[in-house]
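Let's read this structure together, one feature at a time. Have the viewer open and follow along.

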Amino acid sequence: MITTTTNTVDGYRVTGYYGIVFGEVITGINFLKDFGAGIRNIVGGRSQGYEEELLRARQEALDEMQQRAAAMGAHAIIGVDMDYEVLGQGNMLMVTASGTAVTLEPLS
């Protein structure tokens with residue numbers, strides 16, 4: 001499924017709008033990742049554990065959004081936006097993907 005942040009898709013025209021679709025993921029960061037990130041915060045450097053968790057959550061949110069659009073009969077999702085929130089005491093991460101589900105037709 002075509003998924004883009006733009007409001008158009010090159011070579012296609014939008015022929016139907018199905019509304020806004022969302023994909024949400026709330027994930028917990030475990031103690032070991034928190035501990036490792038705390039050490040990285042002191043000595044500097046990147047937190048591989050947090051980065052991997054963020055990548056996984058982002059992909060899951062996009063996948064969920066695409067599944068919901070496909071269930072509506074859409075061919076693509078345009079105007080995609082990603083949002084990130086920290087929940088609770090800072091140990092929960094919420095990733096939300098949203099966009100407009102549409103059908104497309106190739107330009108003649």
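**A guided reading**

Q: How many salt bridges does the chain have by this rule, and what is the rule?
A: The rule asks for a side-chain nitrogen of Lys or Arg within 4 Å of a carboxyl oxygen of Asp or Glu. By it, the count comes to five salt bridges.

Q: Before we look at them, what should I know about the model and its numbering?
A: This is a predicted model, in which local features need pLDDT of at least 70 and side-chain atom pairs count only at pLDDT 80 or more, while totals for chains, interfaces and linings use all residues. Residues are numbered from 1 along each chain as its sequence is written, and side-chain values use heavy atoms, with hydrogens and water left out.

Q: Which elements does the chain contain, and in what order do they run?
A: Helices (H or I, at least four residues) and strands (E, at least two) are DSSP runs, numbered from the N terminus. Here there are two helices and four strands, and from the N terminus on they run β-β-α-α-β-β.

Q: How do I read the sheet, and in what order do its strands lie?
A: In general, strands of a sheet pair through backbone hydrogen bonds, either parallel or antiparallel. Two strands pair if DSSP finds at least two bridges between them. In this model the four strands form an open sheet in the order β1-β3-β4-β2, with mixed pairing. The edges are held by β1 (2–3) and β2 (12–28); each has a single partner strand, so one side of each is left without a neighbour in the sheet.

Q: In which sense do β1 and β3 pair?
A: They pair in the parallel sense, over two bridges, with β3 covering residues 76–87. To find the place in the viewer, look for isoleucine 2, which stands opposite alanine 76 in β3.

Q: What is a nonpolar core, and which residues touch the most other members of the largest one here?
A: The general idea is that nonpolar side chains tend to be buried together in soluble globular proteins. A core is a set of buried Ala, Val, Leu, Ile, Met, Phe, Trp, Tyr and Cys residues joined through side-chain atoms within 4.5 Å. Buried means under 20% relative accessible area, exposed over 50%, and partly exposed in between (1.4 Å probe, protein chains only). The largest core has 14 residues, and Val21, Met65, Ala69 and Ile77 touch the most other members. At least two residues each come from β2, α2 (48–72), β3 and β4 (92–106), and α2 gives the most, with five.

Q: Which residues does alanine 69 touch?
A: Contact means heavy atoms within 4.5 Å. Not counting residues up to four places away in sequence, alanine 69 touches Met1, Val21, Ala74, Ile77 and Ala101. There is also a second, separate core of five residues, which includes Val9, Ala76, Ile78 and Leu104.

Q: Back to the salt bridges: where in the chain are glutamate 105 and arginine 13?
A: Their side chains meet in a salt bridge (2.4 Å, N to O). This pair links distant parts of the chain, with glutamate 105 in strand β4 and arginine 13 in strand β2, 92 residues apart. Glutamate 105 counts as partly exposed at 35% relative accessibility, and arginine 13 also counts as partly exposed, at 43%.

Q: What does tyrosine 12 contact?
A: Tyrosine 12 lies in strand β2. Leaving aside neighbours within four places in sequence, it is in contact with Ile2, Leu104, Glu105, Pro106 and Leu107. The C-alpha atoms of tyrosine 12 and glutamate 105 are separated by 5.4 Å, although the two are 93 residues apart along the chain.

Q: Which residues join glutamate 64 in a salt-bridge network?
A: Start with arginine 68, whose side chain meets that of glutamate 64 in a salt bridge (3.0 Å, N to O). The two are four residues apart in helix α2, so about one helical turn separates them. Salt bridges that share partners join Glu24, Glu64 and Arg68 into one network.
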